[in-house]
Amino acid sequence: MKKYLSFFTIRFLNGLQYRAAAVAGMATQFAWGYMRIKMFLAFSKANPAAMPMEFDQLASYIWLQQAFLAFFAVWILDNEIFEEIRSGNVAYELCRPLDLYNLWFVKNLAMRLSRAVLRCFPILFIALVLPKPLSMSLPQSPASLILFLISLALGLFVSVAFCMVLYITTFFTLSPAGVRVMAISLVDFLSGGIIPLPMLPEKLLFFLELLPFASMTNTPLRVYSGHIAGTELAFSLGLQLLWLTVLVLLGRFMMKRALTRVVVQGG
Amino acid sequence: MTLYMKYLAIHLKSQMQYKVSFTLNAVGQFLIAFSVFISVFFMFSRFGSVADFTYNQVLLCFAIVLMAFAISECFFRGFDTFPSTISNGEFDRIMVRPRGIVFQVLASKIDLSRIGRLVQAVVVLIYAIPTSGVVWSPLKVITLVLMLLGGIAVFSSLFVVYAALCFFTIEGLEFMNIFTDGGREFGTYPLSIYGKEILKFFTFVVPLALFQYFPLLYLLGRTDNLLYMFAPLFSLLFSLPAYLLWRLGVKRYTSTGS
């Protein structure tokens, strides 16, 4: 446990060094969030009755999405891992007295956390003080804040577990490009990254909410504003937990298969 | 020009060596654009219209912006990946060759997999042209062509600005995404829907609206003012400061010496 913790710390501190990138990232994400909200505002003005959620719930959704982008974005991948697999350097990693799955999992977790920590607070602060209707609302109660944080953590874990499956696929395909680009485009949409899932037709929403992708962005951000509450909340959290377990087991299984037949290429 | 054609042929050949990777990349480009398209579709199936624009009218906008972006990204990729050209010393080699610098950077990378986006834009445009309710006339066809040219000019200039800024700093240039990728995303809808201030910004500072919103009004017959039709020509002016900034950067350049 201690070994993984120190890997986590190293990665985390390393990530904190990129401050200029973080400032630029914040500017980008802030602009993005602002434009998205303006876009939804225009739609809701055209037809207020068609809004599937309150506007301040939507605004909170967008701002949280921008603030915690690093938690969910599937395109934040560790190129070193792809390179290790492709070049065969992964053999060195296998010599260490560590479980490779855990090691990579922890590294990814640290990378995402450090990125988010640098960026989220200024974005959240500005989002809270903006004028209505653009502003983010405060959580309804301490209890709902705690539930949100639990769901957020689960969402982060599900995202990392999904990325682990992507990394491990490279053992079989050797070229990460294809799987990567497909995953990015599909997951972004299916997780509610482009438009919140409730904007979709209800029948489609029913199926999409069951998929693992909805457990990433969609669930935590709707839990925050109380758009998911009551029994639905319990169900959603359970589903997040279920998908986390499934993805971790799948990743571990694939890794085991990959490592029994791994061919390290050349000297 | 013949030299550029030779470069183009070389890039084509080399990218065709990895056919699977090329195809997957192109398909991926298509899918990324498609996920934006499908969200536009669902937004309209729920809300019906936005700020007096219908689904098919917005598609016209979407297609032109996407097409301009895809073409710019394909041919100006050398500027988009310029930080690595500087850091790996490739730019030093460019400086000592007896050809124009801009030309060489242009020719250094041509990313044909962007065709995935282009295909999508063409399909959507073909669908939108008859269904958008535009009464087509020779003048309107010219407007459409001007919009596309203006769009290519603005996006290309943005890539040049990005590359030029690399001469001054390489840290924190991520913010340029607001205008390049952002321009493509925000430009999905007529820029007026974001409010007056945003529209002003995208008219006078980064002139996306000059090839998008204003000529669109002319296309849709909401104004007969020919100034709106020729607005894309003004957006061409944006390439001037971009080029000057680039020149300034080149002048300042000192090699990293590696």
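Axes here are lines fitted to C-alpha atoms, for helices over the stretch in contact, and angles run from 0 to 180 degrees between N-to-C directions.

Because the model is predicted, local features need pLDDT of at least 70 and side-chain atom pairs count only at pLDDT 80 or more, whereas totals for chains, interfaces and linings use all residues, and side-chain values use heavy atoms with hydrogens and water left out. Residues are numbered from 1 along each chain as its sequence is written, and chains are lettered from A and ligands numbered from 1 in the order in which they are written.

**Helix packing in chain B**
- The contact (heavy atoms within 4.5 Å) is made on the α9(B) side by B:Ser157, B:Val160, B:Val161, B:Ala163, B:Ala164 and B:Leu165, and on the α16(B) side by B:Ser239, B:Ala242, B:Leu245 and B:Trp246.
- By class, this contact of α9(B) with α16(B) has eight nonpolar, two polar and no charged residues, where Ala, Val, Leu, Ile, Met, Phe, Trp, Tyr, Cys and Pro count as nonpolar, Asp, Glu, Lys and Arg as charged, and the others, Gly among them, as polar.

**Helix packing in chain A**
- Helix α8 (residues 142-173) of chain A packs against helix α12 (residues 231-260) of chain A at an angle of about 25°, their axes being 9 Å apart, and α8(A) and α12(A) are therefore roughly parallel to each other.
- α8(A) passes α12(A) in a left-handed crossing, and their contact comprises 21 nonpolar, five polar and one charged residues.

**Overall fold of each chain**
- Chain A has 12 helices and zero strands, while chain B has 16 helices and zero strands; helices (H or I, at least four residues) and strands (E, at least two) are DSSP runs, numbered from the N terminus.
- The radius of gyration of chain A, taken over C-alpha atoms, is 19 Å, close to the 18 Å that the globule rule (2.2 Å times the number of residues to the power 0.38) gives for 267 residues, so chain A is as compact as a globular protein of that length.
- The C-alpha atoms of chain A fill a box of roughly 65 × 40 × 35 Å along the principal axes, and the C-alpha trace of chain B spans about 60 × 40 × 35 Å along its own.
- Of the 267 residues of chain A, 56% count as buried, and buried residues make up 54% of the 258 residues in chain B; buried means under 20% relative accessible area, exposed over 50% and partly exposed in between, with a 1.4 Å probe and protein chains only.

**Two residues of chain A**
- A:Ser225, in the loop between α11 (218-224) and α12 of chain A, counts as buried at 8% relative accessibility and touches A:Gln57 and A:Gln140, not counting residues up to four places away in sequence.
- A:Phe55, in helix α3 (residues 55-67) of chain A, is buried with a relative accessible area of 15%, and, leaving aside neighbours within four places in sequence, A:Phe55 is in contact with A:Ile37, A:Phe40, A:Leu41, A:Ser44 and A:Pro133.

Methods: Parallel < 35°, antiparallel > 145°, perpendicular 65-115°, else oblique. Left-handed = near helix turned anticlockwise from the far one by under 90°.
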